[in-house]
Amino acid sequence: AVVSTQSTGEGKSLDLRTFIAGRNRLENPGAKALSAAFSLLGTLEQIEVIQNGIQYEGIAAIADCIKHSPNLKILNLNDNIMTPKGAIAIANALPSATMLQTLNMGDCLVKSKGALAVAENIKGLTNLKELILSYNEIKIDGGEAVSRVCSGLTSLVTLDLDGNHFGTDGKNKITDALGMDKISLLKPGLDNDEGVPSD
C-alpha cells in the first residue's frame with residue numbers, strides 16, 4: 001500500500017516523514033515490504049518498529065533503507081531479534097545516516113560483536129544525541145569500545161548500556177573509557193548490570 005501511494009493523484013511525491021508501528025507482528029515480511037517502500041520514498045525522518053519479531057532478514061532490509069533515507073533522525077528497533085549479524089548490518093549502514101539523533105537498539109541480542117560494529121560506525125555521527133544498547137548481553141570489550149567512541153561525540157547526551165554483562169571490573173573500564181567529564185552520559189547508569197556470565 002505504501003509503495004502504491006508513493007505519488008499522489010496530482011503527481012506529487014508522498015512526503016512521508018514518520019512511521020511508528022510498535023508491538024505489532026511485522027516480522028520479516030512486513031519489515032522487508034516497508035523498507036522497500038521507504039527506500040523508494042527517501043523522505044523518512046523517524047522509523048520506530050518496537051517489538052515486532054523482526055529477525056536478520058528484515059533487519060537487513062531496514063539497513064538498506066537507512067542508506068536511502070538521508071534525513072533519518074530517529075531509528076528505534078528496540079526489542080527485535082536482531083542478533084549480532086543484524087546489528088552489524090545496521091552498523092554498516094550508519095555512516096549514511098549523518099542526520100541521525102537517536103539510535104535505539106536496546107534488547108535486541110546485539111552482543112559484543114554487534115556493539116563493536118556499532119562503535120566503529122558511529123564515529124562520524126556528529127548529530128547523535130541518544131544511543132541505547134541496553135540489555136543486549138554485551139561484554140566488557142563491546143561496552144568499552146562503545147564508551148571510548150562516545151566520549152568523543154560532542155552532541156551525545158545519553159548513552160544507555162545498562163543491563164549488559166560487564167561485572168564490577170567491566171563497569172569501571174566503561175567509566176574510565178568515557179572519562180570523568182562524560183560519566184554523566186550514562187543514563188540510567190549501570191545499576192542493573194547482569195554481571196559476567198559464568199561459562
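How many salt bridges does a search of the whole structure find? The search finds 6, a salt bridge being a side-chain nitrogen of Lys or Arg within 4 Å of a carboxyl oxygen of Asp or Glu. This is a predicted model, where local features need pLDDT of at least 70, side-chain atom pairs count only at pLDDT 80 or more, and totals for chains, interfaces and linings use all residues. Residues are numbered from 1 along each chain as its sequence is written, and side-chain values use heavy atoms, with hydrogens and water left out.

Let's start with one of these bridges, in which Lys 32 pairs with Glu 57, the closest N and O atoms being 2.5 Å apart. Lys 32 lies in helix H1 (residues 27-41) and Glu 57 in helix H2 (residues 56-67), so the pair ties together parts that are 25 residues apart in sequence. Helices here are DSSP runs (H or I) of at least four residues and strands (E) of at least two, numbered from the N terminus.

Next comes Arg 17, in the segment before strand E1 (18-20). Its side chain meets that of Asp 15 in a salt bridge of 3.1 Å, N to O. Arg 17 counts as partly exposed because its relative accessibility is 44%; buried means under 20% relative accessible area, exposed over 50%, and partly exposed in between (1.4 Å probe, protein chains only).

Now to Asn 136, in the loop between strand E5 (130-132) and helix H5 (140-150). With 0% relative accessibility, Asn 136 counts as buried. Leaving aside neighbours within four places in sequence, Asn 136 has contacts that include Met 105, Asp 107 and Gly 163, where contact means heavy atoms within 4.5 Å.
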